[in-house]
Amino acid sequence: MKAFIKKYPHWAICFVLIVVVSFYLSMWASDRYVSHANVVLESPQISAPEINFSSLLSGSGSANTADMLLLRDYLLSMDMLQLLVKEADFRQHYSQNGDIFSRLSDPDVPLEELHDYYLKRVSVELDDYAGVLRIDVEAYTPKEAHKIAQLLLTEGERHMNEMGRRLAEEQVRFLETQVNDLKKDFNQTRQALLDYQNENGLVSPTGTVESISSVVSTLEGQLAILKARKTALSSYQSSRSAEMMRVNSEIDALNQQIAHERDRVARQTGNALNAVSSEYQTLQLQAQFAQESYSGALSALQSTRIEAARKLKQVSILQSPTIPQYPEKPERLYDITVFAVIALFITLIINMLILIIKDHRD
């Protein structure tokens, strides 16, 4: 035996390590109980009103991958760890139980070291294929493992709801402010339009201009008929005849009426209808724009309120946190086998290197 150890010290070290580790895992390593939980995130299904923005509310009730990853990061965060320290006596449990190699070395370790230890005892993994978040919690008693797993689910759901609600409330408050401002603008532009109508005594200056233009066109048609009639009469009647004088009087009257109507529509001084109509159209466009903006803001506010309800996340439990009946960790035989295989493999490599070095020396 001494000769073997002297000749192959690396193999001796390998066998000693395997024996020591096997003894530790089989006889000394503390039992750890694992509580399992499988969850998904869901949002409430809310029917949207028959408005153009209904497409914003489409989608399934299942939370998307991004929400699941956000929940996973929070469950593994220092904030969650601090909550467990406060609510589940995390430091005391893991420092007062377990063997010297697996327990927390000191209950007063810095938070950074405690977080590293926490990540070794709590596993939160996303199953992309199934869309399920799988939570495993290791503790030295079944009760503590179940308690921590339950706290993770409860606090995770509260955090996701608070985050979604806070964002939704900020959006709603912003839109409510915008709606109030746009409502004031709409009322002001509408009142300005009414005041302008009352000031000029016209409900629709644009319609009045169109009506006058139609009248002028009719008068010009009548004028053309009279001029044609005058031409025909002049061929066989004297210019001083009664019929010719009556036609000339009608032509003069039509010319005066046409000039008067045209002067109403456009003139260099005074409130011409074309200027009144132009100003009216400007005010009308402003009122229409304010109305459309106000209507759009109301629709956006309504959709945001409905979306705020959809942002609430519910942790739907597929597998409730289990109360372990037997310790799953450590997996003694498996861990011993894996360690032995790795140790033998490394030692074999070292042995081959030694042989190669000896061959080169020879």
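Helix α2, residues 9–28, packs against helix α11, residues 332–361, in this predicted model. The axes of the two helices lie 10 Å apart, at an angle of about 170°. Because that angle is over 145 degrees, α2 is roughly antiparallel to α11.

Which residues of α2 meet α11? On the α2 side they are H10, W11, C14, F15, L17, I18, V21, S22, L25 and S26. Their partners in α11 include F339, L344, L348 and I354, together with R332 and D335. By class, the residues of this contact divide into 15 nonpolar, five polar and two charged.

The largest nonpolar core comprises 34 residues, and F90, Y94, I135 and L152 have the most contacts inside it. Among the elements that give two or more residues to this core are the strands β1 (33–42), β2 (122–127) and β3 (132–139), and the helices α3 (65–75) and α7 (142–200). Helix α7 supplies the largest share, six residues.

Consider L152 in detail. Neighbours within four places in sequence aside, L152 touches L75, M80, L84, Y118, V122, I135 and V137.

Finally, the protein as a whole. The chain contains 11 helices and four strands, and 34% of its 362 residues count as buried. Of the contacts with a separation of 6 or more, 79% join residues 24 or more positions apart. The accessible surface amounts to about 22400 Å², with 56% belonging to carbon and sulfur atoms.

Note on methods. Residues numbered from 1 in each chain as written. Predicted model: local features only at pLDDT ≥ 70, side-chain atom pairs only at ≥ 80, totals over all residues. Heavy atoms only, no water. Buried < 20%, exposed > 50% of the residue type's maximum accessible area, 1.4 Å probe, protein only. Contact = heavy atoms within 4.5 Å. Areas by Shrake-Rupley, 256 points an atom, 1.4 Å probe, with all protein chains shown as cover. Axes fitted to C-alpha atoms, helices over the stretch in contact; angles between N-to-C directions. Parallel < 35°, antiparallel > 145°, perpendicular 65-115°, else oblique. Nonpolar A, V, L, I, M, F, W, Y, C, P; charged D, E, K, R; others polar. Core = buried A, V, L, I, M, F, W, Y, C linked by side-chain atoms within 4.5 Å.
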